[in-house]
Amino acid sequence: MVEFAKNLANFAAASGKKHVVLLSSLDFGKWQKIDMSSGPQIYYLSSINPDGRDDNCEQLGWKRLQEYNPAQRCWKYLSTLAEGNTMLESNLPFEDELEDEDYYPSLPFAALFSCLKAKGLKVTCLLCYCSEGDNIQDAFHLAEAACRLLGLNPNAFPGNGSGGWVVPFSWHTVYGPPPDMSIF
């Protein structure tokens, strides 16, 4: 995973990219502080500040991923790998010794974030917690958040779905037709 992230970061840097926006879901079962009062929440992680904060994301009403701690052993190890340094793996826990705090740095978005950041690129991760099953609305939610971050209007897109998105044909039959509402 880290090698893939390094290759992608090298490609982005070589292509002259300045800002990379990563979209990722997070396991709803790992969500610690559930607040659905305002609907699904977007969380973010940014390379702008060492603690992952970004004033622009805060102004958009998003919350920084609280689980990001650059001093935590797995985040630190990931950052060290991304910078091309090696670290003794004896400092890391065995797979059966992983703690809750080790979950987020083990995800693909974390490797991509660390490698892109190590290349000096601005990186913004937009994240939302999702349950298993039909996550199509979560995909739209993240895509709309990316548009807000970049100042784009999704309604101006010439797509075939809500908000102007192009909906892949495969999504139309993934879960079958919606349930007959008369049964409720």
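Predicted model: local features only at pLDDT ≥ 70, side-chain atom pairs only at ≥ 80, totals over all residues.
1. H1 covers residues 2-14, 13 residues in all. From first C-alpha to last, H1 reaches 18 Å, close to the 18 Å expected at 1.5 Å a residue. Just after H1, Gly16 has a positive phi of about 80°.

2. Which residues of H1 are buried? They are Val2, Ala5, Ala9 and Ala12. Seen down the axis of H1, these buried residues fall within an arc of 85°, so they line one face of the helix.

3. Read from the N terminus, the order of elements is α-β-β-α-β-α-α-β-α. The chain has 184 residues, and 38% of them count as buried. Among contacts in the chain with a separation of 6 or more, 67% come from residues 24 or more positions apart. The chain exposes about 11,200 Å², of which carbon and sulfur atoms supply 54%.

4. Aromatic pairs come next. A search of the whole structure finds 5 of them. In one of these, the ring centres of Tyr68 and Trp75 are 4.8 Å apart and the planes stand at 85°, so the pair is edge-to-face. Tyr68 is buried, because its relative accessibility of 6% is under the 20% cut-off. Trp75 is buried as well, with a relative accessible area of 2%.

5. Tyr68 also pairs with Phe113: their ring centres are 5.8 Å apart and their planes at 80°, so this pair too is edge-to-face. Where do the two residues lie? Tyr68 is in the loop between strand E3 (63-64) and helix H3 (73-82), while Phe113 is in helix H4 (residues 108-118), so the pair ties together parts that are 45 residues apart in sequence. Phe113 counts as buried, at 1% relative accessibility.

6. The aromatic residues Tyr68, Trp75, Phe109 and Phe113 form one cluster. Both Tyr68 pairs described above, with Trp75 and with Phe113, join members of this cluster.

7. How many disulfides does the structure hold? The count is 0. Cys125 is in no disulfide, and the nearest cysteine sulfur, that of Cys57, is 9.8 Å away. A disulfide would need the two sulfur atoms within 2.5 Å, so the 9.8 Å between Cys125 and Cys57 rules this pair out.

8. Is Cys125 buried or exposed? Cys125 is buried, with a relative accessible area of 0%. Cys115 is buried too, and its relative accessible area is 2%.

Key:
Residues numbered from 1 in each chain as written. Heavy atoms only, no water. Phe/Tyr/Trp six-rings, centres within 6.5 Å; stacked < 30°, edge-to-face > 60°. Buried < 20%, exposed > 50% of the residue type's maximum accessible area, 1.4 Å probe, protein only. Helix = DSSP H or I, 4+ residues; strand = E, 2+ residues; numbered from the N terminus. Expected span 1.5 Å × (residues − 1). Arc of directions from axis to C-beta. Contact = heavy atoms within 4.5 Å. Areas by Shrake-Rupley, 256 points an atom, 1.4 Å probe, with all protein chains shown as cover.
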